[in-house]
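Visitor: I have a model open and would like to learn how to read its packing. Could we take the features in turn?

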Amino acid sequence: ARGLTPPVDAIWRAPLYSRRRAVMTARREGDAILLGFHKRHSHNVVDMQVCVVLDQAIVGALPEIRRVLAPLVHPGHDARLTILACDNGLDVLVEIDKKPGAGDLAKAARVAARTSVLIRLTVNRDEVYRRAAPQVIMGGVPITPPPGAFLQAVAGAEHELARLAVGGVGKAKAIADLFSGLGTFTLPLARRARVTAVENDDGLLAALTAGARNASGLKPITTLRRDLDREPLSAMELNRFEAVVFDPPRNGALAQSLEIGRSKLKRVVAVSCNPATFARDARALVDAGFRISKIAPVDQFLYSPHVELVAWFER
């Protein structure tokens with residue numbers, strides 16, 4: 001529909017049992033805690049026992065997590081859980097509209113301390129239990145994510161996306177990483193170039209900064225808090241860089257793409273989880289004089305219609 005016919009590489013596929021991040025619903029039914037996903041087109045919660053997509057560290061810990069939830073989840077008040085399989089254990093964020101009392105939080109903390117793999121438990125904004133700082137390795141750098149932080153669903157897919165992003169910037173020595181998050185691309189890019197990471201979340205930027213501060217072998221990293229939907233980097237600001245990488249949320253980055261088109265940039269790498277908004281943004285870049293030299297699809301969302309992609313643009 002956008003009139004683009006670029007070359008497309010063979011798809012990279014995630015293996016089974018590889019998804020390290022899950023967002024689930026917990027519900028009390030009598031004495032039981034149901035923990036799983038909503039049935040399709042339904043409010044019913046399917047209690048999970050097995051899963052061929054999730055990291056088995058998550059599935060194996062579900063009985064223990066149910067016991068942790070027992071003091072927190074009450075009838076009529078579902079909880080939303082974000083579970084992240086970090087490199088050193090599970091990080092669990094519980095979000096619930098009925099704020100648990102101090103006694104219930106203390107009970108949950110005591111149960112969490114007896115689990116085998118849970119390293120941090122956060123309830124709404126309160127850290128209830130911590131055995132160790134959760135840790136994920138990005139670009140060879142240990143990062144402690146804030147509770148519930150977004151990161152790529154599959155570690156292997158993250159490595160592939162980063163490899164493609166690094167390849168797409170060529171020999172650029174000054175790079176802007178837009179919608180940088182925790183540093184999925186900032187950190188591997190900083191092995192070879194100065195990087196400015198732009199993100200609208202103070203917690204993510206603080207985690208990136210702390211990790212980079214303790215790392216060796218990185219070029220200088222600068223961070224900038226900016227809402228790129230409302231205030232994209234202008235063409236004049238972009239002209240300070242030799243390449244740009246951008247990885248927006250599902251709604252894409254049309255305003256930012258238009259500014260990139262007005263700039264003097266010659267290399268751009270776009271990462272997208274939504275081919276429709278990517279095509280819209282790509283059309284804007286092509287109309288501004290870029291050509292797409294590569295598109296690489298990355299399937300990290302097994303058994304779903306969603307796919308990630310990386311595209312290289314050259315002026």
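Visitor: Which residues in helix 7 meet which residues in helix 8?

Guide: First the ground rules. This is a predicted model, where local features need pLDDT of at least 70, side-chain atom pairs count only at pLDDT 80 or more, and totals for chains, interfaces and linings use all residues. Residues are numbered from 1 along each chain as its sequence is written, and side-chain values use heavy atoms, with hydrogens and water left out. Helices (H or I, at least four residues) and strands (E, at least two) are DSSP runs, numbered from the N terminus. Contact means heavy atoms within 4.5 Å. Here Leu254, Ser257, Leu258, Ile260 and Gly261 of helix 7 meet Arg280, Asp281, Ala284 and Leu285 of helix 8. By class, this contact has 5 nonpolar, 2 polar and 2 charged residues. Ala, Val, Leu, Ile, Met, Phe, Trp, Tyr, Cys and Pro count as nonpolar, Asp, Glu, Lys and Arg as charged, and the others, Gly among them, as polar.

Visitor: At what angle do helix 7 and helix 8 pack?

Guide: Axes are lines fitted to C-alpha atoms, for helices over the stretch in contact, and angles run from 0 to 180 degrees between N-to-C directions. Helix 7 (residues 254–262) and helix 8 (residues 275–287) pack at about 15 degrees, with their axes 8 Å apart. Helix 7 is therefore roughly parallel to helix 8 (angles under 35 degrees count as such).

Visitor: Which residues of helix 7 are buried?

Guide: Buried means under 20% relative accessible area, exposed over 50%, and partly exposed in between, with a 1.4 Å probe and protein chains only. In helix 7 the buried residues are Gln256, Ser257, Glu259, Ile260 and Gly261. Their cover includes strand 11 (174–178), helix 6 (235–238), strand 14 (243–246), strand 15 (267–272) and helix 8.

Visitor: Now the sheet. What is the strand order in the open sheet of 7 strands?

Guide: Two strands pair if DSSP finds at least two bridges between them. The order is 4-3-2-5-6-7-8, with mixed pairing. Strand 4 (45–47) and strand 8 (126–130) stand at the edges with a single partner strand each, so one side of each has no neighbour in the sheet. On average, neighbouring strands are turned by 30 degrees against each other, direction ignored.

Visitor: In which sense does strand 7 pair with strand 8, parallel or antiparallel?

Guide: Strand 7 (residues 118–123) pairs with strand 8 in the antiparallel sense over 4 bridges, and Leu121 has Tyr129 in strand 8 as its bridge partner. With strand 6 (residues 89–96), strand 7 pairs in the parallel sense over 5 bridges; there Val92 stands opposite Leu121. Strand 7 is mostly covered, with 6 of its 6 residues buried. Helix 2 (residues 102–113) lies across strand 7 and strand 8, at about 30 degrees to strand 8.

Visitor: How many residues of strand 12 are buried?

Guide: In strand 12 (residues 194–199), 5 of its 6 residues are buried. Strand 12 pairs in the parallel sense with strand 11 over 5 bridges, where Ala174 has Arg194 as its bridge partner. Strand 12 also pairs in the parallel sense with strand 13 (residues 221–225) over 5 bridges, and Ala197 stands opposite Thr223.

Visitor: Where does Gly139 lie?

Guide: Gly139 lies in the loop between strand 9 (136–138) and strand 10 (141–143). Its relative accessibility is 31%, so Gly139 counts as partly exposed. Not counting residues up to four places away in sequence, Gly139 touches Leu187, Pro188 and Arg191.

Methods:
Angles under 35 degrees count as roughly parallel, over 145 as roughly antiparallel, 65 to 115 as roughly perpendicular and the rest as oblique.
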